Structures are given as structure tokens and as C-alpha cells.
Amino acid sequence: MRKILSPSILAADFWILGEQIAAVEREHVSYLHIDVMDGTFVPSISFGIPVIETIRPHTKLFFDVHLMITEPERYVEEFAKAGADLIDFHVESTQDPAEVIRKIRACGKKVGITFKPATPVSAILPYLEQVDMVLVMTVEPGFGGQKLIPECLEKVRELRRICDGRGLPTDIEVDGGITRENLREAMDAGANVIVAGSAVFKGDVQDNLRALCPLFD
Ligand code: DX5
Ligand code: ZN
């Protein structure tokens, strides 16, 4: 499977966000992970639609939008219009995950489903055939710069086994606490899309990307 790095702009320097996104693109990365937090589903508030709309015309990067908001069904169309290519929503954030999936598809966008560390893999299994990607949170959602919870990689292994067993080409993304040191372990567990916030944007972005990129397609 194609191995993809998805740098999370939550850790970027917003004063020079445009420059940092251009640096990502220069190193031939193709994805950008965009964390939207509403202060209700998770304790913190990040940024939303105006930021996505502002950066969309300036980059060809694939926008992997991770919604950490309650009732995502209310906002799917707006995020799609703003420029999301894939919309990830939390199975815990809605009464009707199937309806969220239907709405994302109706907008012609790719679908990702995600779940918190305490939620079992079984919670997303009913939707597995209907999504392009499963995002396995490897930290508690809400903040960048946390340590990866090693038990979450067991969920990656379980999911990859299930996808292989069902013959599904589903992308499995990991998000939270990824470093140069534990990246391979996450890939070996079966993840092929890797979110990295601090590992890309803290320190020198170009140096970080040059160290990370050889591990990706
Ligand atoms: C956490 C976010 C992550 C975060 C990752 O809620 O979903 O995408 O930005 O940041 P790092 O890589 O610093 O753990
Ligand atoms: Zn995220």
C-alpha cells in the first residue's frame, strides 16, 4: 500500500502558515492534515472553515480534514465547499454515522471514520465497507505534542487483519505522538497514512521533512 505522510498544521507557526505549507509541498509531500476542534467534543478550540478556505487556492495538497466536533452532519457541506478532499469524523460525535457518511459522499468527498483511544475497534466495524480510511487515534484527541499510547497500535494491527480478511484496500491512518523513532513501528502495525504535527513543524520544517520523507512513497 502507498505510504503517505500527512503533516498536521495544528503544530505549525500560524504567523507564517503559508510559508510552512509551501515548504511541505516543496518536499513532495501530498497530504495536509487539518484538525478542527470545537471546544465541546474536545476541550480545545483550533480553527475552522475560514482557514481552510484561505489556504485552499494556494496549494494542491490533499486536505485530510479531521473533525473533532459534535454533530458533524451539520457542517459536512461547508467543509466540503471550503476545500476538504477527505472528511474524517468521530464515531462518538454523532447519533447517526451512516448519515454523516452519506452526506460526505453526496459532496463527492472521501470518507474517513475515527475513534478515541477508549473506543473499541468494534464501534467502527459496521461502517468499514463504506469508508476510504480509518483513522486510529494514538493519543486522546484535543492537543498536539502528546505521547503515543502504545496499546493503540494493537488496534491498528487488529484493523489491518480485518481489512485484509475482508479484502478491503482501506487506508489506516494513525494520529498523535508520531516521532521519527516510533514511525516504523506504526507502519509495521499496518498503518499506511501517518499524521505528524510536532515531528514536522517543531524545529526546522525542511530538516524534519528531509528526515521523514525517505520513509514514504
Ligand atoms: C490531536 C490531533 C493531532 C495532532 C497531532 O487531537 O488530532 O492531529 O495535531 O500532533 P502531534 O503529531 O504533535 O502529536
Ligand atoms: Zn488529527
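Of the shell around ligand 1, the largest share, three residues, comes from β2. In this predicted model, local features need pLDDT of at least 70 and side-chain atom pairs count only at pLDDT 80 or more, while totals for chains, interfaces and linings use all residues. Residues are numbered from 1 along each chain, ligands are numbered from 1 in the order in which they are written, and side-chain values use heavy atoms, without hydrogens and water.

Strands are DSSP runs of E with at least two residues, and helices are runs of H or I with at least four, numbered from the N terminus. β2 (31-37), β3 (62-68) and β8 (193-196) each supply at least two residues of the shell. In total, 20 residues surround ligand 1, each with a heavy atom within 4 Å of it. The closest are D35, G142, D175, G197 and S198.

The distance is 2.6 Å for D175, 2.7 Å for D35 and 2.9 Å for S8. Taken alone, ligand 1 exposes 380 Å², and the protein buries 99% of that (Shrake-Rupley method, 1.4 Å probe).

F14 lies in the loop between β1 (4-7) and α1 (17-26) and F47 in the loop between β2 and α2 (49-55), so the pair ties together parts 33 residues apart in sequence.

Conventions
A polar contact is a pair of N or O atoms within 3.5 Å; within protein, one must be able to donate a hydrogen and the other to accept it, and residues adjacent in sequence count only if both atoms are side-chain atoms.
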